[in-house]
Amino acid sequence: MNIVIGILVTAAALWVTTAVVPGIRVESSLTSFLIVAVIFGLVNVFVKPIIKLLSLPITIITLGLFTFVINALMLMLTASIAGNAMSIAGSGTAYFTTTLIGSIVISVASAVIGWIMRGTN
């Protein structure tokens, strides 16, 4: 049951991100949001820990701020795996800036939605 709730919270956070960040787009169907949420969850479970371990020295030097860059990279990877279901506009610096802002919005939205969900139990 917790996995389903986690996927729904991530899908809701992705929806908030597509509404707030103009460069990030997910196909406007519930199925697309759920598929992208599952892909994002799998990327965060399997790839993110390895990247965080390898980047530990720079994360320590930047006092944890490099974690935002890691989150943006995970969002980029999710967009590339999702194919047509998710797209991020821009190229080069604009592309990275869009994903960086998007990853911050996803983190905040997931935290708020998760907090609200825990408060209703």
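# The loop between H4 and H5

Leu63 is exposed, with a relative accessible area of 77%; here exposed means over 50% relative accessible area, buried means under 20%, and partly exposed lies in between, with a 1.4 Å probe and protein chains only. The place of Leu63 is the loop between H4 and H5. Its phi is near 60 degrees, a positive value in a residue other than glycine. Helices (H or I, at least four residues) and strands (E, at least two) are DSSP runs, numbered from the N terminus.

This is a predicted model, in which local features need pLDDT of at least 70 and side-chain atom pairs count only at pLDDT 80 or more, while totals for chains, interfaces and linings use all residues. Residues are numbered from 1 along each chain as its sequence is written, and side-chain values use heavy atoms, with hydrogens and water left out.

Helix H1 covers residues 2–20; its 19 residues reach 27 Å from the first C-alpha to the last, close to the 27 Å expected at 1.5 Å a residue. The expected span of a helix is 1.5 Å times one less than its number of residues. Val9, Thr10, Ala11, Ala13, Leu14 and Thr17 are the buried residues of H1.

Val21 lies in the loop between H1 and strand S1 (24–26). With a relative accessible area of 5%, Val21 is buried. Leaving out residues up to four places away in sequence, Val21 touches Thr98, Ile101, Gly102 and Val105, where contact means heavy atoms within 4.5 Å. Val21 and Ser103 are 82 residues apart along the chain, and their C-alpha atoms are separated by 10.0 Å.

# The salt bridge

A salt bridge is a side-chain nitrogen of Lys or Arg within 4 Å of a carboxyl oxygen of Asp or Glu. Side chains of opposite charge can pair when their charged atoms come close. By this rule the count comes to one salt bridge. Arg25 forms a salt bridge with Glu27, and the closest N and O atoms are 3.0 Å apart. Arg25 is partly exposed, at 44% relative accessible area, and Glu27 is partly exposed as well, at 32%.

# The two sides of helix H2

Helix H2 spans residues 30–46, and its end C-alpha atoms are 24 Å apart, which agrees with the 24 Å that its 17 residues should span at 1.5 Å a residue. In H2, the residues Ser32, Phe33, Val36, Ala37, Ile39, Phe40 and Val43 are buried. They cover an arc of only 165 degrees around the axis, which puts them on the same side of H2. The arc is that of the directions from the helix axis to the C-beta atoms.

An α-helix has 3.6 residues a turn, so residues three or four places apart point the same way. The face of H2 turned away from its buried side carries the exposed residues Leu30, Thr31, Val45 and Phe46.

# Helix H5

The 17 residues of H5 should span 24 Å at 1.5 Å a residue, and the end C-alpha atoms of H5 are 24 Å apart, which agrees. Its buried residues are Ile70, Asn71, Ala72, Met74, Leu75, Met76, Thr78, Ala79 and Ala82. H5 is followed by Gly83, whose phi is positive, near 70 degrees.

Asn71 is found in helix H5 and is buried, with a relative accessible area of 12%. Leaving aside neighbours within four places in sequence, Asn71 is in contact with Lys48, Ser103 and Ser107.

Leu65, Phe68, Ile104, Val108, Val112, Trp115 and Ile116 make a nonpolar surface patch of about 700 Å². Patches are made of residues with over 30% relative accessible area and no salt bridge: like charges are joined within 9 Å, nonpolar side chains (Val, Leu, Ile, Met, Phe, Trp, Tyr) within 5 Å. Accessible areas come from the Shrake-Rupley method with a 1.4 Å probe, and for residues only the protein chains shown count as cover. The largest share of the nonpolar patch, five residues, comes from helix H6 (residues 93–119).

Leu65 is placed in the loop between helix H4 (56–61) and helix H5 (66–82), and at 55% relative accessibility it counts as exposed. Val112 lies in helix H6 and is partly exposed, with a relative accessible area of 41%. Val112 and Ala13 are 99 residues apart along the chain, and their C-alpha atoms are separated by 9.1 Å.
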